[in-house]
Amino acid sequence: MGTAALPELATVPWRVPIDRDRLRRWGRLWTLWTVAWTIPFIVAGIALILVEPMAIPVAIASLAHAWVVPELHAFRGASVVRQKGERHAQAEPVAQGFLADLLDHEPRELQRQTGLALEHAGLGHWLIGEAGAILFLPDGHRVHCFCVSTTGKDLPPSDRIAHLLLALRTDEIGFATVANHAFSGAPWRVRRRLPKPMRAAFDAGLAEARSSASASDARSPIPATD
Amino acid sequence: MPRLVRMDATGHSQLAEWTGPGVEYDRAVEAFRAELEDGYIGVWDHRNGTATQVRELPPDADLVILRKPIAGG
């Protein structure tokens, strides 16, 4: 009667299921990618100043590139949870009431205040928006941003969130596999580019991720020493 | 009482509710199948942070929700 895998996986048969190791590899690749974008511009900027002081404006432009490109990457990451599409003022209160029924007390209040739903799952803590989600890994040192949305385009915002929440609850690995990976990096890089009302939800997700990591550390047996 | 709910442009619509096997449940099954044919996906929300995709309407489910597919954006 019931199945564990998300049916939408059939639309992306070429994708390998996402797990913690794959997320770790993506994280390292994103760091390398950022460094590869940044270092050449910084080196070129400094070299220009040293070789030809008259080229300072060009050097400044080069250094600005080193700053702007990672900024754009992080902005793209933060954008996955921004409000998108029509607000459906009439239907939204009904949809929000329904979404509230699916959430526990604290995530429900957080969703009402910030528009984002916080959900704990196997890979970490997810912050779900209308057309994307941010995953906080258990140590809280890195976030992964995913672009994913319902194909029903006429839905009120809270219904769009409920669609993603239910898909996540059905099959977290499938959810992360179907979604498009948009960014990975340090939490602060994403937080500062979020709209202010959403930052409380981001902080709550980060705090949950960090507390779950310290709880799991506390549970880990201490290696015996002779 | 078990309910069958569809998420749609109105926020959500309750399509059926039933108390156990019987006429009400049979009607709910019909409604459920018609929505699946329209492209909806049935999800049994277990009210504990987990959910199961269902292709048949479970008679003992508290809440079955019909949602549209998702896709990477």
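This is a short tour of a predicted two-chain model, stop by stop, for use with your viewer open.

**Before you start**

Residues count from 1 along each chain as its sequence is written, while chains are lettered from A and ligands numbered from 1 in the order in which they are written. Because the model is predicted, local features need pLDDT of at least 70, side-chain atom pairs count only at pLDDT 80 or more, and totals for chains, interfaces and linings use all residues.

**Stop 1: colour by confidence**

Colour both chains by pLDDT, the predictor's confidence in each residue, from 0 to 100. Chain A has a mean of 93, with 94% of its residues at 70 or more. Chain B averages 95, and 100% of its residues score at least 70. For the complex, the predictor gives an ipTM of 0.97 and a pTM of 0.93.

Now select residues 221-226 of chain A, where pLDDT stays under 50 and the model has zero contacts beyond four places in sequence. (Two residues are in contact if their C-beta atoms, placed from the backbone, lie within 7 Å.) Where pLDDT is low, the predicted coordinates should not be read in detail.

**Stop 2: chain A as a whole**

Show chain A as a cartoon: there are eight helices and six strands. Helices (H or I, at least four residues) and strands (E, at least two) are DSSP runs, numbered from the N terminus. Along the sequence, the pattern reads β-α-α-α-α-β-β-β-β-α-α-β-α-α. The C-alpha trace of chain A spans about 70 × 65 × 35 Å along its principal axes.

Of the 226 residues in chain A, 42% are buried. A residue is buried if 20 or more other C-beta atoms lie within 10 Å of its own, exposed if 12 or fewer, and partly exposed in between, with C-beta atoms placed from the backbone.

**Stop 3: strands E5 and E6 of chain A**

Select E5(A), residues 143-150, together with E6(A), residues 180-185. Five bridges join these antiparallel strands; strands pair if DSSP finds at least two bridges between them. Click on Val143(A) and you will find Gly185(A) of E6(A) opposite. Five of the six residues of E6(A) are buried, so this strand is largely enclosed by the rest of the structure.

**Stop 4: the nonpolar core**

Which residues touch the most other members of the largest nonpolar core? Select Leu127(A), Ile128(A), Ala133(A), Ile134(A) and Phe146(A), out of 70 residues in that core. A nonpolar core is a set of buried Ala, Val, Leu, Ile, Met, Phe, Trp, Tyr and Cys residues joined through C-beta atoms within 7 Å. The largest share of this core, seven residues, comes from H5(A).

Centre on Ala133(A). Beyond its neighbours within four places in sequence, its contacts include Val80(A), Trp126(A), Phe146(A), Leu164(A) and Ala179(A).

**Stop 5**

Gly115(A) follows the helix with a positive phi, near 85 degrees.

**Stop 6**

Most residues other than glycine have a negative phi, and most peptide bonds are trans. Select His88(A), whose phi is positive at about 50 degrees although it is not a glycine. His88(A) sits in the loop between H2 (56-79) and H3 of chain A, and is buried, with 20 other C-beta atoms within 10 Å.

In chain B, Arg47(B) has a positive phi near 65 degrees. Find Arg47(B) in the loop between E3 (41-45) and E4 (51-54). Is Arg47(B) buried or exposed? With 11 C-beta neighbours inside 10 Å, Arg47(B) counts as exposed.

**Stop 7: where the chains meet**

Finally, show both chains together and select their contact: 33 residues from chain A and 26 residues from chain B. On the chain A side, E1 (2-3), H3 (92-102), E5 (143-150) and H5 (157-170) each supply at least two residues. H5(A) gives the most, with eight residues. The chain A side divides into 18 nonpolar, eleven polar and four charged residues. Here Ala, Val, Leu, Ile, Met, Phe, Trp, Tyr, Cys and Pro count as nonpolar, Asp, Glu, Lys and Arg as charged, and the others, Gly among them, as polar.

Return to E5(A): three bridges join this strand to E6(B), residues 70-72, running antiparallel. Select Ser149(A) to see Ala71(B) of E6(B) opposite.
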